[in-house]
Amino acid sequence: MIKINQFCFCSISYVVHSCNLKYQNMKNTQNSLPPPSLPEQEGRVVQQSIDQWMSAEGPLLPILHHIQDHLGYIPPASIELIAHQLNLSRAEVHGVVTYYPHFRREKPALRQIVVCQAEACQARGARELTRTIESRTGCRLGQHSPDGQWCLESVYCLGLCASGPAVAINGCLHARVDHDRLNELLSPGDLA
Amino acid sequence: MSTKVYVPRDSAALAVGADEVAAAIRNEVEKRGLDVQIIRNGSRGMFWLEPLVEVEFQGQRIGYGPVSPKDVRTLLDSGFLKGQSHALRVGEVNDHPFLKQQERLTFSRMGITDPLSLEDYRHHGGFSGLCVALTLPPQQIVQQVLDSGLRGRGGAGFPAGIKWKTVLQATAPQKYIVVNADEGDSGTFADRMVMEGDPYMLLEGMAIAGLAVGATTGYIYVRSEYPHAFHALQEAIVRAENAGFLGDNLLESGKRFRVMVRKAAGSYVCGEETALLESLEGKRGIVRAKPPLPALSGLFGKPTVINNVLTLCAVPFILSHGAAAYAEFGMGRSRGTLPFQLAGNIRQGGLVEKAFGVSIRTLIEQFGAGTASGRPLRAVQVGGPLGAYFPDRLLDTPLDYEAMAARGGVLGHGGIVVFDDTVDMAEQARYALEFCAVESCGKCTPCRIGSTRGEELVRHMQHHPESSHQDEQLLRDLCNTLLNGSLCAMGGMTPYPVLSALDHFPEDFHPSSHAIKAA
């Protein structure tokens with residue numbers, strides 16, 4: 001009796017499962033083409049990222065990193081595509097993208113300066129350095145410069161705490177950034 | 001035979017031009033037709049000397065630093081390949097007093113080896129802990145860790161052996177080893193140094209943990225601010241798998257252990273273990289309520305050992321040298337060594353691995369040689385952004401979990417940030433609350449709302465000295481709520497820097513009343 005029940009249960013769950021699969025496949029076919037608002041090249045990158053990480057455990061963060069590494073930001077239109085293929089709600093994906101400061105939702109400026117604002121760098125003049133960079137580039141911390149060339153962001157620790165103040169320009173680390181070093185880093189041609 | 005020249009590849013060396021120095025040396029020796037092999041080692045942890053270039057000559061490693069590309073020509077002219085004198089010569093590096101007075105158990109290979117060379121790693125004692133572990137039953141591996149007295153190095157100081165034992169006793173089809181490499185505390189860089197400068201040690205520690213608890217999969221959760229560490233780990237995993245130190249057949253034992261690296265995304269609170277697990281699962285890094293403990297229901301609901309990088313890195317030594325050899329170091333209930341990190345306004349900043357019990361003053365004066373600015377020291381923050389500020393008169397406190405707690409502080413991850421007399425402690429207290437407001441995950445009210453209200457209060461104190469005593473009372477009440485009502489250490493410990501600043505530096509919060517007193 002038990003065996004029969006188990007068998008029945010199994011077969012029912014098999015049917016349900018295959019229906020789900022069919023439904024899933026249908027959904028996937030519908031969504032394998034990028035939504036119209038996502039440009040073709042961006043759509044391709046997003047799809048590649050999903051394909052590469054889909055089968056991994058906890059794939060959402062690696063997918064988002066992959067997209068940002070290739071496009072420089074997470075196009076808002078990609079959220080729907082990711083959500084459908086990972087079987088998540090758009091709200092869940094949106095929540096993750098907006099929760100983490102690392103993920104950008106708009107194209108970055110040509111030159112991104114990240115200045116460490118944490119205590120070890122504060123003790124070595126990070127506040128003064130930030131003010132100097134703000135006046136030299138014409139952009140406030142957390143904003144883009146009026147000409148769109150620069151964006152200035154804060155970071156809480158680059159792990160260079162014994163050689164502060166530290167900055168990263170387009171991902172490249174610089175420590176012991178004094179007045180002279182800053183002058184070298186912000187070459188005159190690039191000034192706002 | 002070619003002369004070996006070492007140029008570090010640690011981020012702290014790269015950030016002050018190590019790549020440019022290596023390129024300049026390569027160019028110049030080619031021009032001169034010299035036979036030189038350039039090795040990119042890890043950092044010795046003497047960051048004021050970076051880039052510290054070392055030359056191997058007659059069995060010694062002669063250091064020169066800090067070297068800039070324009071120094072390369074004069075170095076070669078003065079015969080640095082034969083260890084000759086130069087204005088930048090620091091002598092035999094191993095004899096440097098900064099290194100000589102340390103007790104480097106975990107960091108014994110740091111800066112000496114090529115981080116990605118498996119041969120170098122084995123030659124310097126690597127994988128001997130794993131070899132021992134493969135001969136022991138799981139219970140005995142856990143017993144070794146228990147006997148060593150090893151406590152979690154992330155800050156909480158929970159005994160690692162107890163955590164491992166809980167996971168070992170849990171039954172589940174899948175268990176995980178998760179490494180917390182989300183080293184977000186300001187003033188800390190030891191995890192980063194390990195991942196960039198000796199990554200196989202971490203992988204070995206993870207594999208031993210896997211054998212001990214019956215886990216076959218490990219994840220390393222690395223900060224996105226550490227790109228070099230991320231790439232070094234990825235490369236190390238590939239090489240270790242190809243050589244059979246990881247993978248489906250660990251050293252031909254038939255045991256299995258695989259490691260994956262995952263990149264964080266800039267959220268400080270993900271250094272809290274349950275928020276980290278949420279993040280690894282692909283969700284927002286929101287703190288979970290405990291129980292259930294991660295040891296029973298951790299990653300994807302499975303039993304999970306989640307340890308800090310330094311905790312797992314202490315394990316290979318414990319297995320290869322025995323628990324007693326490790327427990328010989330330390331004081332009280334804090335056994336072994338801690339890699340302390342000297343940071344901020346300090347002349348000789350860097351990594352000092354010492355047994356627990358060394359005083360803050362010894363580290364700052366004997367190793368750090370005082371402030372970098374040459375001005376008098378005023379405050380020292382120990383244990384990251386959630387750690388207390390200590391005034392000069394408390395600097396003789398021994399660095400041990402219990403002694404620090406008795407003085408209202410924490411040891412945290414061993415970061416020590418020095419401030420000179422230009423620091424405004426009211427501003428530091430305001431910053432601590434602002435940081436909490438920026439980084440709070442928002443799950444519990446004291447942390448989410450309290451941080452913002454607290455920041456406003458300190459700002460009000462700064463601009464309205466006439467009501468500062470009233471504000472102080474409110475601020476203390478608020479801190480009490482945060483201390484007792486927060487879900488995790490983020491809100492629960494933000495009061496440490498705030499209250500310690502209020503207690504030890506009241507003159508910065510009430511300038512007018514102190515000015516009147518002084519007059």
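In this predicted model, helices α7(B) and α8(B) cross in a left-handed sense. The two helices, α7 spanning residues 138-148 and α8 spanning residues 160-169 of chain B, have axes that come within 8 Å and cross at roughly 160 degrees. Because angles over 145 degrees count as roughly antiparallel, α7(B) is roughly antiparallel to α8(B). On the α7(B) side, the contact is formed by B:Pro138, B:Val142, B:Val145 and B:Leu146, while α8(B) supplies B:Ala160, B:Gly161, B:Trp164, B:Lys165 and B:Leu168. Sorted by class, the residues of this contact comprise seven nonpolar, one polar and one charged.

Helix α8(B) also meets another helix of chain B, α10 (residues 199-213); their axes come within 8 Å and cross at roughly 50 degrees. The pair α8(B) and α10(B) is therefore oblique. Here α8(B) contributes B:Trp164, B:Val167 and B:Leu168, and α10(B) contributes B:Ala209, B:Ala212 and B:Val213. This contact has six nonpolar residues, with no polar and no charged ones.

The description now turns to the contact between the chains. Chain A brings 34 residues to this contact and chain B brings 47 residues. On the side of chain A that touches chain B, the elements giving two or more residues are α3 (60-71), α5 (90-99), α6 (119-122) and β5 (172-174). Of these, α3(A) gives the most, with four residues. By class, that side of chain A consists of 22 nonpolar, eight polar and four charged residues.

Technical notes: Residues numbered from 1 in each chain as written. Chains lettered and ligands numbered in written order. Predicted model: local features only at pLDDT ≥ 70, side-chain atom pairs only at ≥ 80, totals over all residues. Contact = placed C-beta atoms within 7 Å. Nonpolar A, V, L, I, M, F, W, Y, C, P; charged D, E, K, R; others polar. Axes fitted to C-alpha atoms, helices over the stretch in contact; angles between N-to-C directions. Parallel < 35°, antiparallel > 145°, perpendicular 65-115°, else oblique. Left-handed = near helix turned anticlockwise from the far one by under 90°.
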